[in-house]
Every structure is written in C-alpha cells, then in structure tokens.
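Reader: I've got the model open and I'd like to learn how to read a few of its features. Can we go through them one by one?

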Amino acid sequence: MPEALEQDYTLQQLQQVTQALNSGQFVQVRRILAETAPCDTALLLESSPHKVRRQLWQLVDPDIQGDVLEELSEDVRLSIIVQMEPELIAAATEDMDDDDLGEVLRSLPETVYQDVVGAMDSQDRERATLALSYQERSAGALMNTDTVTIRPDVSLDVVLRYLRLRGTLPEGTDDLYVVDKDNCFIGALSLNSLLTNSPDKLVSELMDTDKESIPITMDETEVAQLFERYNWISAAVVDDNAHLLGRITIDDIVDVIREDAEHSLMSMAGLDDEEDTFAPVFKSSKRRSIWLGINLLTALLAAFVASFFENTLDILPFLAVLNGIVPSMGGVAGSQTLTLVIRGIALGHINQTNQRFILSKELAIGALNGVLWSILIAGVVALWQWDFVLGAVIAFAMFMNLLAAGIAGASIPIILKRMNIDPALAGSVVLTTVTDIVGIFAFLGTATWFLV
C-alpha cells in the first residue's frame, strides 16, 4: 500500500475508532480492531493519546495482544505493559518469536520482569533466559531458532519427504541449512535448487558451501549492512565454533534499518528514537531539558568568549550587528559536513583507510567556500559601511570559521566514534560550540586588532 494511502487509511480508522469510543460503542470498536491487522492496530495505538490508548488496549483481542506488542515502539509498549497483570503479559508473549520475546522482556522494569518470568511455564521461561543471554543489539538478540537443518549425504527426495512430514516451513525460509553430525554449519541448500533438480541428487552436490554465516556477537548494524550488500532474505547465525544457533530474516533487518534511521534523526535533536509522540508533558519535558541545558552551557561559553571584547563593542557598536553572521555561516557549513560524515560512518563507507582523504576533502571544501563567501561578505559590508578594512576583517573571520567548520564537521564524528560516543547524539552540540567560539573570536579579535 502506498504511503499516502496507508496514512489516509490509518486516519480513517482512527477517526472511526475515536467516534465509536466517544459514543460508547465499545462493541463496534472491538469489531473494528478484530478486523485490523496487528501492525495496523499497533499504529492506531501509537497514534492515540494516552486515555484513548488505554481504552483501545482493553478492547484488543487477548489472542493477538502478543502480535501487537511486537509491533509497538519501546516507549508505547512499556506504557501499555505496566498496566497489565504479569499473568496477562506472560500469556501475550507465549507465541512470540525468540527475538521479539527478548526485546519485550528487555524493556520491562526489573520488578515487572521478575513477575512476568515467574508467571511463565518452564518452556517459555527457558526461551526467555536464552533470548536474554545474548547481548542487546547483537546478532544473537535478532535471531530466531526456527531453522530447518539437513545433512549433506541425503538425497533431495529424502529432504522433500522430510519437509512434507513437517507440514510447514518457518516464515521467510529461502534456504535449508546443511550441518554435519556436530551441528556445525557447512552450507545452505536453496529451495530453488531443491525444487528444480532431480530427486536422486545428493544435497552435497547442490549445496552452497560459500554461503556466509553471521557470528552471534556481530552488531546488528553490521548485520543489516551485510543483508543490504548481498541481498539476503535470511542468514545463518553461528557461535565461535561454527555451531548453528539460529537464523536472522529480512523482516528483522527492516526493523533495524528503520530504528537506525530514526535514531540518527532524533539524536541530532537530542531526543530518544523510541520516544512516544503522545508521552505525558512532564516526561517529555524532562527528557528534552537535558539537551536544552547542555546547549545553554555551550551558548554561555560562546557569550563568555564575546565578553572579552566588550570594549571593542562599546567603541564600534555596529560590530554587534555583524557578530552573528560568521558563527551562523560556520554552523550551517559544519552541519552539512557533520551530517555527511555521520551518514558515511553509519553506512560503513568511512573507515580508517579513508579518514585522511575525507578530512583533506572537507578541508579543501571549507577553504573554497571560505574564499567565495569571504569575498561576497567583504564586498557587501564594505559598500554598506563604506569601510574596506571592516570588510576585510569580516572576510578573514568568515574564511577562518568556514575552514574550522569543515575540519570540525569531518573530525568530530570520527573522534566521537573512536571514543564509543554516538556522533549523531553529541556531534551537533560539539560542532556548534566550535563554530560559535571560532567565529566570535576570529571576528571580534581581528576587529580589535585592526579597528580599535
């Protein structure tokens, strides 16, 4: 469904549900939700204020509550789960895939988690323990254990009979994994090869021994890059000894790609990518205040630098009018570079082998832009105030700040990445500090030297 049509459909559903709730037609709402796919129900819940959301959740069929929980963002899921009894949460998670089960349980407060695990049967408790044993955001946390394995020394006819006995294949199955007697992964047999070759042929003759597997400790972003690069639908996950542990499918990778994109977008504004759009006012205000406070400190730092030139501003008050131009241009130029480099790091395009080239390139771009816009601003200011020295002063400051912006925009994300700090989260704050301080110091410092 095209995005515009999907949004219209969701809006129409939301309007119908809201009208029915306001009219007290709860049976009608229950009927609408019963005819709605779990993913669309999740979207309805995420698009509803808290009061409406609580009413909607009470009308969702308990048999599909687990499917709906899988589709919700962490903040919204938590706001719903904390209102449920542990027994109901355990029942909702009963049929979840291992990776979704682990994600839901990780989002629970410790006390709630203990109660939920205590309400599970022994089989689900064992699944929960296994799912949570893998590091968050790793291949292990993404994988499912629903794999179909075969031996290399059997014929395709035997494999086909085995599959008929199974009755169904796990969702997203495109390969059957070939393992040895020790359950070590040695290759994959595609369903295409299975169905288009003679039943008398052996698996060993047709299996792909070059099929790559994914280490269980690999970061999920790296896994997503492999899926994108090789156009995989699924991939085997193995431990350090090549034992097959499970598989990752493309539907999980789509979620990773979406979450990474949301994380980059929200982090640049100092927000949590899982933040609920309809979260309570106090909760949202508290989260945003942290980065507003950090930005205030950086602004005070820039003001502190400007305070060194109070005498200059008293003598030449017109400098205060021009003082915002240089830092502003540096901030925009630096943000362009910063965004480009963060994107390159996220896609795996920038690494230790080409970092020097990126720095050199952005330094050259900063110098070229510095010359261009310095000449332009010098001409405008010189003709405006009929003061060619002032034009030369602001031109020099502009050139220096655009040069600094290019270097800072390229180097800050790289340095932060080496320090294991998210460049998307902290990069813009550091960059703004650099361009403001360099811009103010270069402009007012040069003006003090030549004009006062």
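Author: Let's take the hairpin of E5 and E6: five residues lie between the strands, and one of them, Ala 242, takes a positive phi near 70°. This is a predicted model, where local features need pLDDT of at least 70, side-chain atom pairs count only at pLDDT 80 or more, and totals for chains, interfaces and linings use all residues. Residues are numbered from 1 along each chain as its sequence is written, and side-chain values use heavy atoms, leaving out hydrogens and water.

Reader: How many bridges join E5 to E6?

Author: Strands pair if DSSP finds at least two bridges between them; strands (E, at least two residues) and helices (H or I, at least four) are DSSP runs, numbered from the N terminus. Here five bridges join E5 (residues 234-238) to E6, and the two run antiparallel. Val 238 sits opposite Leu 244 in E6.

Reader: Why is E6 largely enclosed?

Author: Buried means under 20% relative accessible area, exposed over 50%, partly exposed in between (1.4 Å probe, protein chains only). Five of the six residues of E6 (residues 244-249) are buried, so the rest of the structure largely encloses this strand.

Reader: Where does H22 bend?

Author: A bend is the angle between axes fitted to the seven residues ending at a residue and the seven starting there. H22 (residues 388-418) bends by about 30° at Ser 411, with Pro 413 following within four residues. Just after H22, Asn 420 takes a positive phi of about 60°.

Reader: How many disulfides turn up?

Author: A disulfide is a pair of cysteine sulfur atoms within 2.5 Å, and a search of the whole structure finds zero. Cys 184, at 14% relative accessibility, counts as buried, while Cys 39 is partly exposed at 40%.

Notes:
Expected span 1.5 Å × (residues − 1).
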